[in-house]
Each structure stands twice: as C-alpha cells, then as structure tokens.
Amino acid sequence: MAAMLILHVLVITFMAWSAAAACTAGQWNNGGTCTSCSACGNLRYLDHSICNGLGTSDTGGSGNGIACQLCTTTCSPGQWVDASACDGTTTTNGATCTACTTCGAGFYIDTSVCDGTKMSDSGGSGDSSACIQCGGAVTCTAGQWKDISVCSGTGTSDAVSSCSTCSACPAGEYIHPSVCSGSGYGDSGGSGTQAACAPCTISCSPGQYQDLSGCSGSTTSNLAACSSCTACATGKYIDTSVCNGAGLDSGGSGTGAACKLCSVNGGCSLGEYQDGSGCDGTTTTNSATCTACSATCTSGQYIDTSACTGQGFTNSYVCATCATGLSCGTGYFVDLSTCNAGTGTVDTAKCTACGADCQPGEFQVVNSGCVGDSTTRTANPYTCGTCGSALTCTAGEYKDTSSCTTASISDTSACATCSKTCSAGQWADRSLCDGSRIGDPTVCTNCASSLTCTAGQYRDSSDCDGQGVTDASKCTACSADNCQAGTFIDSSDCPGSGESNQGKCTACTAGPCGAGTYIDISPCTGSGTSDQGTCTACTSGCSAGQWVN
C-alpha cells in the first residue's frame with residue numbers, strides 16, 4: 001500500500017516536474033517554485049528520499065509529514081536511543097545508543113526499564129525510573145542492616161548487597177531490635193545514626209544498683225541486672241539512701257559515694273577512738289563504738305597517748321622511743337632503766353653517771369669508758385667482772401680476791417698459798433687447793449673421824465694441834481696412872497670408838513672362893529691390864545709345935 005502511494009507521488013511529481021523547473025532534494029515544486037520541505041518535529045529527520053525535489057506538495061512537518069522519519073536505532077539493555085541530534089532539520093538518522101546515566105550510590109540500573117528501547121534516559125540524570133534501590137534481594141535479621149555501600153549506581157543487578165551487623169552502642173546500652181530490624185539501609189548502631197541505641201534500665205531495691213556490666217553495647221536485649229553495691233573499705237558502711245537501687249554502683253568498686261565512714265556522733269572521750277571495726281564495708285548501718293586506745297611497747301619505749309583525743313578513727317597510741325632528744329655529757333649515759341617496760345606513758349629516760357652495780361666478788365669493767373658522745377649511748381658502758389676469773393694459780397694456792405672490791409676498776413686478785421690453821425683436834429685438809437678456788441679452800445677436819453680402833457684402845461688425837469695437814473690421830477691403848485697394889489688397869493670402857501682414855505684402876509677380885517681359900521690379890525701389882533685376883537688355899541708357915549688355925 002505504501003509502495004503504491006509512493007509510486008503515485010512519483011508519477012504526479014514527474015508530471016509536474018515535466019511541466020516546470022526541476023527542484024533539488026529537500027524541496028518540492030510549489031506551483032513552479034521550488035520550496036524547501038518544512039522542518040519536521042523534534043526527534044525526527046527530513047528524509048530526502050521522499051522530499052526529493054520531485055514532489056508538488058510539502059512532505060515535511062507542516063505538510064503531509066511523510067518525509068519526517070523518526071530517528072531510531074537498536075540499542076542494548078542498559079542503553080537508550082539518543083535522538084537529541086535530530087532536531088527536525090537534519091536529513092539523516094542521527095540516533096545513537098547511549099548508556100543510561102549512573103544512578104545514585106546505593107542504587108542499581110534496572111535493565112528491564114533501561115532496556116534499549118526508550119527514547120529518553122531513565123538513569124540518574126534522566127527520569128531515574130530505572131534506578132532501583134539495592135537490598136531488595138537480600139533478607140537481613142534483627143540486629144543487622146542492609147549494606148548497599150558497594151552499590152555504586154553503575155551496576156545492573158542487586159547481587160552485591162549484604163547484611164551487616166549494627167555497630168555496637170556505647171557501654172550501658174543495647175541495640176534495640178525494633179530499630180535495627182534488618183530492614184534498614186543504614187547502620188543505626190553506635191557508629192551510625194545511634195537511633196537503635198537504647199539505654200539498659202531496671203528497677204532495683206535499696207542496697208542494690210543497676211548492674212549494666214552485661215550491657216556491652218553489642219547485645220540486642222536489655223541485660224541490666226540488680227546487683228548488691230560493692231563492698232566499701234573496712235571502717236565504712238553502705239548508705240542505702242545513696243545506694244538506693246536507682247543508679248550505678250556507688251559502692252567501693254564504683255563511685256564510692258555510698259561509702260560512709262562509721263563514726264560516733266560527737267566523738268569519743270579522751271583516750272578512746274571511734275572504732276569502726278564492726279563495719280566491714282558490707283553492712284548498711286553505722287555500728288561504730290568508742291574503744292580505749294592501747295599499745296604494746298617494748299623495752300626502751302613508752303606509750304605516746306597524745307594523738308588519742310577521741311576524735312580519731314584508729315587506735316592512735318604509738319610506741320615512742322625513750323630518750324629522744326636527750327643528750328648526756330661525759331661520764332654519763334642515757335639511762336633507760338626506768339623506761340624499759342614499755343608500759344609508761346611518759347619518757348622517763350635520764351642521764352645517769354656511769355658505773356656498774358656490782359656485787360661482792362665483782363669489780364667494775366670499764367670497757368669503752370664513758371667519754372665522748374653519749375647522745376646515743378643507751379646502756380651503762382661499765383659491766384661487772386668476776387674477781388679472779390682471769391687469774392691462774394698453781395696447786396697449793398688459791399685466788400685471793402680480798403683486795404678486789406665492787407669499787408675496783410681492775411681485778412686486783414692475787415695467788416696466795418693455802419695457809420689456814422685449824423683448832424686443836426683438827427687437821428688442815430688442803431686437797432681442794434688446786435689453784436682454781438677463790439678464797440682459801442682449806443677444810444678443817446676433825447682428827448680420827450675415819451680412824452677405826454680395837455677394844456681396849458681409843459682414838460688418840462693428842463698430836464692433832466691444828467697445824468698439821470694430815471690426820472695425826474692414832475689408836476692408843478687405854479691406860480691408868482698410879483694404880484695401887486691390888487688393882488689393875490681396867491680398859492673395859494674402851495670399845496675402840498672412844499676419843500679419850502677411859503682406862504681406870506680397878507680392885508682385883510676373885511671368887512667366890514671356897515672354904516680353905518682366900519682371895520689372893522698379891523699378883524695385882526697395879527701395872528697389870530687384867531684382874532689377876534685368885535682363890536688361893538690358905539697356908540701358913542707355922543713353926544714346929546704350931547697348927548694353922
């Protein structure tokens with residue numbers, strides 16, 4: 001049909017041309033005048049194969065328009081037909097394929113819209129109808145957001161989107177899942193908009209605090225818990241008007257604001273301190289009491305009570321060193337003898353003249369003397385030495401310490417010969433005189449103490465005059481002096497254990513004698529030691545003519 005129309009036009013044109021002057025392409029024969037075909041509309045060009053100078057009517061835009069052809073071409077997805085060069089006056093098809101312009105960040109170009117057939121840009125610099133937000137193809141969970149940061153606006157698919165975890169909120173908060181729900185396109189966490197950051201909260205009782213330690217900022221639930229306020233230091237208690245369940249930890253490991261010092265209202269008396277030992281830091285009441293200050297000091301110290309005024313909170317008695325600041329002169333030492341028990345409350349140290357308190361048998365040992373700086377000399381430099389301790393004597397001697405007195409400043413002892421004398425009837429036993437004894441160790445021993453005599457003897461000590469050094473006693477036969485005729489020396493009273501002569505003169509006896517006999521004591525001359533009396537027959541030396549009557 002179109003071909004027949006063209007043929008008809010050509011016939012008419014030819015017939016007209018044959019009757020008039022010939023026109024050029026782009027013109028038509030307007031009653032013998034060559035007139036340019038009128039301009040076409042936008043996005044079209046004037047086709048000179050139709051407006052070819054042979055026609056007798058305007059085939060341009062103001063005419064029948066059959067010479068106005070649409071500028072077009074075949075483009076690929078992601079492109080559009082750009083006919084901007086076709087302003088209606090051109091004579092050729094100037095359509096080109098141009099890429100849809102880049103969409104904004106976070107978008108991709110949908111090639112089902114920018115499909116190569118559109119006559120206008122549907123990209124970011126066009127009507128943006130092809131710009132689709134990335135993330136539609138990915139499904140994220142609560143606590144995540146759709147990360148489309150890799151969508152530069154030049155891609156043609158949503159395949160690069162991913163799920164990212166909402167960034168952690170500040171400590172003490174949590175990520176609210178209704179905000180960071182998985183459907184958002186940006187980080188609503190702490191490093192983002194923070195819109196999902198919600199404070200962890202809980203209602204607690206007095207003595208507790210809102211423990212937000214479980215709220216690290218990365219959880220998606222409120223993990224606040226009630227915990228007891230942490231213990232205060234010893235001597236303090238937890239004030240529940242501060243640790244009241246509403247805030248964070250105000251105990252010892254927290255702000256410490258609830259830690260109150262255990263104290264006695266108005267303080268304590270002199271010599272006492274406010275004792276908070278019952279406050280172990282975990283109690284919630286003030287249990288302070290008044291306790292007497294005390295101190296256990298050692299020798300050379302005294303108890304300094306000056307700091308125990310009743311207003312303090314510790315046992316403030318201290319052990320102070322005696323003689324602090326005391327300086328003694330030459331010949332004196334710092335005497336701590338009255339300050340050695342550690343129980344006094346004043347410094348009783350004093351300057352005392354050097355000199356040891358020695359006992360009999362001892363002497364003063366000067367040692368380093370008592371001269372020079374005695375500021376720090378806290379002991380008597382004199383000591384007591386034992387008289388004769390360094391003296392060496394020989395056998396038969398003893399250590400004579402009689403000249404060594406408590407006032408002596410050297411050992412004046414000397415070796416002396418044992419020479420002690422004894423009383424009559426004794427002897428001087430010097431067996432202990434070995435040179436090591438102090439004082440004459442001679443022992444006066446009774447003579448005959450170890451002598452054993454037989455019957456008729458006695459232990460005779462007449463030779464023991466007290467001067468001898470051996471026992472001169474001996475066993476001596478008992479005797480009697482000047483016994484008369486008719487007696488004998490009787491030692492029956494001398495059993496051998498006596499220490500004196502018990503001999504005596506005893507009359508001789510005999511008998512009983514029979515008739516015709518008599519007691520004859522004529523053998524008893526007074527010198528015999530036994531009774532020599534006998535019974536002797538009576539006889540007589542009568543003369544002739546006589547008889548014994």
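1. Lys 504 is partly exposed at 36% relative accessibility, a class that lies between buried (under 20% relative accessible area) and exposed (over 50%), with a 1.4 Å probe and protein chains only. Its partner in a salt bridge is Asp 493, with the closest N and O atoms 3.2 Å apart, where a salt bridge is a side-chain nitrogen of Lys or Arg within 4 Å of a carboxyl oxygen of Asp or Glu. Because Asp 493 lies in the loop between β31 (487-490) and β32 (504-507) and Lys 504 in strand β32, the pair ties together parts that are 11 residues apart in sequence. Strands here are DSSP runs of E with at least two residues, and helices are runs of H or I with at least four, numbered from the N terminus.

2. Salt bridges with shared partners also join Asp 460, Asp 463 and Lys 474 into one network. The count by this rule comes to six salt bridges, among them the one between Arg 437 and Asp 434 (3.7 Å, N to O).

3. This is a predicted model, in which local features need pLDDT of at least 70 and side-chain atom pairs count only at pLDDT 80 or more, while totals for chains, interfaces and linings use all residues. Residues are numbered from 1 along each chain as its sequence is written, and side-chain values use heavy atoms, with hydrogens and water left out.

4. Along its principal axes, the C-alpha trace spans about 270 × 65 × 55 Å, and buried residues make up 34% of the 549 residues.
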